[in-house]
Amino acid sequence: ARVPAAWKATFLLTNLNSWWSLSAFVVVCCTLDDLNLLSTKLGRLAMSAALIGDFANTFSIAGVTSYLLASSPSEKIQRIGFLSLITFSVFIGFMAFVARPTILRLMRDVPEGALLCEARLVAVLLITITCSFAGEILGLHATYGPFMLGLMLPGGAPLGVTLAERLDRLVAGVLMPLLFAQGGMRMDIFKLADASTCLLLEVFLVVGAVAKFVFCMLPCLYCGMSHGEAFIIGLMMNFKGITEVVYASAFMDAKVRT
């Protein structure tokens, strides 16, 4: 089957390839936690690989986008590229030297084993929302700001325990089902009415998943891991979840869809 003209015009396959090749840290972490594999050797290895992949993806998107804009023959677009690189650096600096120290200061005098009070929790959430909003303004996805900020903060008590205690029911019981429902309601499956187009998309997704599975196993086998452990790592790195729903919604907003 030939690639539809609409797919070529919107670079659908390129975007799907980038999206399908990633292993979102939040998806891998939450899935392993549900399976009680979070503290196992393979679980920690999968989380580390997903974390490095997410981290590299964030910087590569910002760097490649800025480079492509800066290398444009148009002087106006070149200025936008340089400005994009500068603002991204300022964004990272703000989180590292303003947001992170502020949150650490809020956690400083909390007694051991205690949770953050309501006022301090609200302050942390406002800082996180500010980072999310700033990332969206810079052209990144709204999740990148909180993700990068989370990497800079210590895990466990009191911040991690407080967030899990106060927000877990709201996020898992209300916000996440609403996001899945909203993503499903926005998807127009009738645009895939053509059997050949639908088959082409399915083949592309299957080939992408198999290729990712194989290329996750090869480094493990090269490093001397057993075939069974390499097989499990390949499965772990192919976990899909809420991140894919977010990307699908972003594609629809950007008119990059079938």
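1. Basis of the note. The model is predicted: local features need pLDDT of at least 70 and side-chain atom pairs count only at pLDDT 80 or more, whereas totals for chains, interfaces and linings use all residues. Residues are numbered from 1 along each chain as its sequence is written, and side-chain values use heavy atoms, with hydrogens and water left out.

2. Helix α9. This helix covers residues 195-222; helices here are DSSP runs of H or I with at least four residues, numbered from the N terminus. With its 28 residues, α9 reaches 40 Å from first to last C-alpha, close to the 40 Å expected at 1.5 Å a residue. The expected span is 1.5 Å times one less than the number of residues. The buried residues of α9 are T197, L201, L205, K212, F213, C216, M217 and C220. Buried means under 20% relative accessible area, exposed means over 50%, and partly exposed lies in between, for a 1.4 Å probe and protein chains only.

3. A buried lysine. K212 lies in helix α9 and counts as buried, at 10% relative accessibility. Which residues does K212 contact, leaving aside its neighbours within four places in sequence? They are W20, S21, L22, S23, M237, N238 and K240, where contact means heavy atoms within 4.5 Å.

4. Nonpolar patch. V206, V210, V214, F215, L218 and L221 make a nonpolar surface patch of about 520 Å². Such patches are made of residues with over 30% relative accessible area and no salt bridge; nonpolar side chains (Val, Leu, Ile, Met, Phe, Trp, Tyr) are joined within 5 Å, and like charges within 9 Å. Areas come from the Shrake-Rupley method with a 1.4 Å probe, and for residues only the protein chains shown count as cover. L218, one of the patch residues, is in helix α9 and is partly exposed, with a relative accessible area of 44%.

5. Aromatic pair. The whole structure holds 1 aromatic pair. F213 and F231 form this edge-to-face pair, at 5.3 Å centre to centre and 80° between the planes. F213 lies in helix α9 and F231 in helix α10 (residues 227-236), so the pair ties together parts 18 residues apart in sequence. Rings of Phe, Tyr and Trp (its six-membered ring) pair if their centres lie within 6.5 Å; planes under 30 degrees apart are stacked, over 60 edge-to-face, and the rest tilted. F213 counts as buried at 17% relative accessibility, whereas F231 is partly exposed at 41%.

6. Salt bridges. How many salt bridges does a search of the whole structure find? There are 3, a salt bridge being a side-chain nitrogen of Lys or Arg within 4 Å of a carboxyl oxygen of Asp or Glu.

7. K41 and E229. The closest N and O atoms of this salt bridge are 3.5 Å apart. The pair links helix α4 (K41) with helix α10 (E229), 188 residues apart. K41 is exposed, with a relative accessible area of 53%, while E229 is partly exposed at 25%.

8. D109 and R120 form a salt bridge with closest N and O atoms 2.6 Å apart. D109 is in the loop between α5 (75-107) and α6 (118-137), and R120 is in helix α6, 11 residues apart. D109 is exposed at 53% relative accessible area; R120 is partly exposed at 24%. E118 forms a salt bridge with R166, the closest N and O atoms being 3.1 Å apart. This pair links E118 in helix α6 with R166 in helix α8, 48 residues apart. R166 counts as partly exposed, at 32% relative accessibility.

9. Helix α11. Residues 242-253 form this helix of 12 residues, which reaches 17 Å between its end C-alpha atoms, close to the 16 Å expected at 1.5 Å a residue. Of its 12 residues, 9 are buried, among them Y247, F251 and M252. The buried residues of α11 pack against α2 (12-20), α3 (25-34), α4 (41-70), α7 (144-152) and α8 (159-186).

10. Positive phi angles. N36 has phi near 60°, a positive value in a residue other than glycine. N36 is in the loop between α3 and α4 and is exposed, with a relative accessible area of 66%. G224, which follows α9, also has a positive phi, near 95°.

Methods. Helix = DSSP H or I, 4+ residues; strand = E, 2+ residues; numbered from the N terminus.
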